[in-house]
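Please look over the structure shown here. Some questions and answers on it follow.

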Amino acid sequence: MKFARSMVLVSNDPESLRRGAQQVYDRFAKEIAAHGLGEEVALSQISDAGRFDTLPMVIIYPEAAAYGPVTENDVARIVEEHLYKGRLVEDLLAPVRELSGRIGWLKMRKGAMPAEKRIVLRRAGRIDPESIEDYIAEEGFAALAKALTELSPAQVIDVLEKSGLQGRGGAGFPAGRKWRFVAGTAGPKKYVVCNADESEPGTFKDRVILEGDPYAIVEALTIAAYSVGADEGFIYVRGEYQLAQHRLEHAIEQAHAYGLLGKNIMGTNFSLELHVHSGAGAYVCGEETALLESIEGKRGEPRARPPYPTTHGLWGKPTLVNNVETLANVPPILVNGAEWYRQFGTPSSPGTKTYTILGNVNFTGLIEVPMGITLREIINIYGHGMKDDATFKMAQTGGSSGSIIPASLQDTPMDFESFRKAGVSLGSGALLVCDERTCVVDLAKVLLNFFRTECCGKCTPCRVGTERSYLVFDQISKGQANLEDLDTLLKLAEQLEQVSNCGLGQTAAVPVRDTLKYFRAEVEAHIRLGVCPTGVCHLTRESAPAHSMA
Amino acid sequence: MLKTEEKDVIAVVETAIQKHGSHADALIPILLEINHELGYLPKEAFHAVRKRVNAPPDHMFISDGRLYSLATFYHMLSIDKPGRHVVQFCESAPCHVQGGREVWQALQDELQVHPGETSPDGRWTLVTVSCLGACGVGPVVVIDDEMFGNVTPEQLPDILAKYE
């Protein structure tokens, strides 16, 4: 890495590329050279500038000036004015008030915007995701070096357990304990698997980590393999994430070339091979046993548990499966220590959490903040309030399988334990914020349609339960249901929860339950009065309610 | 997307197997690659894959049925020949509450195709998908390999006009 007085970062996520970011980049290279600034100015591409309305974006340091949207024709002026004469090109700056939470580090400099605490996202958007030198310069592979040369596998797991890191895929299982389970199994062959099949609607945190900082996952998975005694690993990336797959493959290739992967890593006698495995479009493959089935070349149907993957995983061998965000937390914990990590978040849920903010707020995007922040704070600070000053009605956490959070719970600290006590779940960190114009029946219908489509069909309670629940909500939305149908829904929800084989069926009951728990009056208005209070549903009720589903 | 007639199925299968190997864990990547090349998985492709992976040196025991069961399980694999352009619409909640419902109605009106069907002139195939991982820019429409975010009903005619 060479030292430069100015650094120009051009966004090159798929949307920016679609809008001509490559041409902008090429033009910068040309203009910088034409002005003879090649030695003083570093130019690189970043995965994602953190906002969507002004792509392609160009960020220039040290001024932290964010320009956008930048067209090819603007480049000459930016180089001439900003880089050559040292003056901001005011009219091309992206409006500050619209900056999303995703570039908090930039806002911090200006002192005008809320800061984030970035641990897993600290490099995303700051380094060139295809340059291993950039990664190494930013503390990359320091944790691996420490683990391999200073710590025994058991000591690595000790640090992880002390840090209190919990799985970020949704369940919140203590990561260190899981590692210990796998480390404790006998047998020469074990696997480590990174679950990057992020298919929960509304969640794209893992995509940003993979696209912006792919080496972090390679490093973390290598540490995991060292700790549990595995010599082969898979990164299962959902099929839609082509760019992430490409970046990971490139990262693995480069790590090999640098002796950081493959045989005798860093000259020690530890060896590891990693493979990127593409998914093919199936939500249920995010369930760890379905994911393992899919790697084995089968339909992604979840296995019966126990036995758990920690003892009988891929090809029947002990397997450690961790989510992307969980793994991304591991290297900084090892470098800085468990105590350092525990200073963030709450005592029961240490660390930070990434959230995707979506729906009827002024700014959507991805943020990383300490555990324990409240929903109200996220909406008001990072989401910049509700769109059109509408009233907050509810939020849905963690994609389809999360909970519905009514306004009464928006001051509950967002950590695993507080949410569990309040009877809701944090899920994967997607926050779909809905205002007063959202109809709960309509929303529940969309959620159940998702589950009935994505159900793998292996077990009956889920296959039939999701379909029937959907049909009941469909009837309600048409004004053709009876009050008894609500009892049917609750019965179906109970069956889904109690006897489904995997998490998909179990969580399919959650939107049904939550809707009836918090918004029963609104649902009943559809049935009793034949009215959709928000005016979203088109009720076609005739004089008497039609035949019920029950 | 190229039509099957224009590409030699056997050659495509061979390339995919060369690239991914012929172990069991390569089956889905192989099918994905073939699907991407041909637009769908024709019967001949199943035969060719089966023959190839069951032969030495791998000697797997894979039936056409096993491959068919994979092709019908995963959304990104298809056994039906698509139209010239495949339009994918995300119908998940985040897109839905950000105006997706109106876009979906407009999309069906514009294309005159029901979800899961191909237009009579073979120009469009319309499918719904669960999530494309671009929820920050919903509603999202993907046409072939190109993604369009923050779509409004008014933009649709212009977007669709680019595809013949």
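This is a predicted model: local features need pLDDT of at least 70, side-chain atom pairs count only at pLDDT 80 or more; totals for chains, interfaces and linings use all residues.

Q: Which residues of chain A lose the most area to chain B?
A: The area buried between chain A and chain B is about 3,200 Å², and carbon and sulfur atoms give 60% of that area. On the side of chain A, three residues together account for 18% of what that side buries. They are A:Arg18, A:Ala280 and A:Arg299.

Q: Which element gives the most residues to the side of chain A that touches chain B?
A: Across the interface of chain A and chain B there are 17 residue pairs in polar contact. The elements giving two or more residues to the chain A side include helix H1 (14-18), strand S7 (273-278) and helix H17 (440-454). The one that gives the most, with 8 residues, is H17(A).

Q: Is A:Glu81 buried or exposed?
A: A:Glu81 forms a salt bridge with A:Lys85, at 3.7 Å from N to O. Both residues lie in helix H3 (residues 75-85) of chain A, 4 residues apart, about one turn of the helix. A:Lys85 has a relative accessible area of 43%, so this residue is partly exposed. The relative accessibility of A:Glu81 is 19%, and buried means under 20%, so A:Glu81 counts as buried.

Q: Which helix holds A:Arg180, the salt-bridge partner of A:Asp158?
A: The side chains of A:Asp158 and A:Arg180 meet at 2.8 Å, N to O. A:Asp158 is partly exposed because its relative accessibility is 32%, and A:Arg180 is partly exposed at 34%. The two are 22 residues apart and link distant parts of the chain, with A:Asp158 in helix H7 (residues 153-163) and A:Arg180 in helix H8 (residues 175-183) of chain A. The helix asked for is H8.

Q: What radius of gyration does chain A have?
A: Chain A has 21 helices and 13 strands, and 62% of its 550 residues count as buried. Its C-alpha trace spans about 80 × 65 × 40 Å along the principal axes. For 550 residues a compact globule would have a radius of gyration near 24 Å, so the value for chain A agrees with that: 25 Å.

Note on methods. Residues are numbered from 1 along each chain as its sequence is written. Chains are lettered from A and ligands numbered from 1 in the order in which they are written. Side-chain values use heavy atoms; hydrogens and water are left out. Buried area is the accessible area (1.4 Å probe) that two parts lose on being put together, summed over both. A polar contact is a pair of N or O atoms within 3.5 Å; within protein, one must be able to donate a hydrogen and the other to accept it, and residues adjacent in sequence count only if both atoms are side-chain atoms. The radius of gyration is taken over C-alpha atoms; the globule rule is 2.2 Å times the number of residues to the power 0.38. Buried means under 20% relative accessible area, exposed over 50%, partly exposed in between (1.4 Å probe, protein chains only). A salt bridge is a side-chain nitrogen of Lys or Arg within 4 Å of a carboxyl oxygen of Asp or Glu.
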